[in-house]
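I opened this entry to record what I looked up in the model.

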Amino acid sequence: MHELSIAHSLVEIAGEAACQANAKQVEAVTLRLGALSGVVKDALLFSYDIAIENTLLAGSRLYIEELPVVVYCPDCDTQTTLDGVQRFRCDQCGQPTAQIIQGKEMEIVSLEYTE
Ligand SMILES: [Zn+2]
């Protein structure tokens, strides 16, 4: 499963950050996940619980903030937040646009830990 390897690298990155902060135990990790990141949220949550075993993150929770796709239309100079990932069109003029300005993110936004 693709999400399991993602979960492992996520745990590795968070673990290193926690180490540098002299954390004894990580309690929660918050992740920002774009609709185009290619990651299935439920699968990642499931994989996370496996990946944290025997690490500094054991017992911690993963919180996922889902980000919708935002596209930019150069004709109207506007941004459109898409409802899904099927229609990449500008809200104003209806033109298709492929200029994605949000939606591919997969980044850790915060760590909660005890020192
Ligand atoms: Zn437009």
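I began with the spacing of the donor residues of the zinc ion, which reads C-x2-C-x13-C-x2-C in sequence. Within this set, I noted a pair that links distant parts of the chain: Cys73 sits in strand E3 (residues 70-73) and Cys90 in the loop between E4 and strand E5 (99-102), 17 residues apart. Strands here are DSSP runs of at least two residues, numbered from the N terminus.

I recorded that the model is predicted, that local features need pLDDT of at least 70 and side-chain atom pairs pLDDT 80 or more, while totals for chains, interfaces and linings use all residues. Residues are numbered from 1 along each chain as its sequence is written, and side-chain values use heavy atoms, without hydrogens and water.

I then listed the protein donors (N, O and S atoms within 2.8 Å of the metal, or 3.2 Å for Na, K and Ca; water is not among the atoms, so sites may look incomplete). They are the SG atoms of Cys73, Cys76, Cys90 and Cys93, lying 2.3 Å from the zinc ion. The four donor atoms subtend angles of 105 to 114°, so the arrangement is tetrahedral (four donors, all angles between 85 and 135 degrees).

I checked burial next, where buried means under 20% relative accessible area with a 1.4 Å probe, protein chains only. Cys73 counts as buried because its relative accessibility is 3%; Cys90 does so at 4%.

Terms used: Four donors count as tetrahedral if all angles lie between 85 and 135 degrees; four count as square planar and six as octahedral if opposite donors are over 155 degrees apart and all others between 65 and 115; anything else is irregular. Helices (H or I, at least four residues) and strands (E, at least two) are DSSP runs, numbered from the N terminus. Buried means under 20% relative accessible area, exposed over 50%, partly exposed in between (1.4 Å probe, protein chains only).
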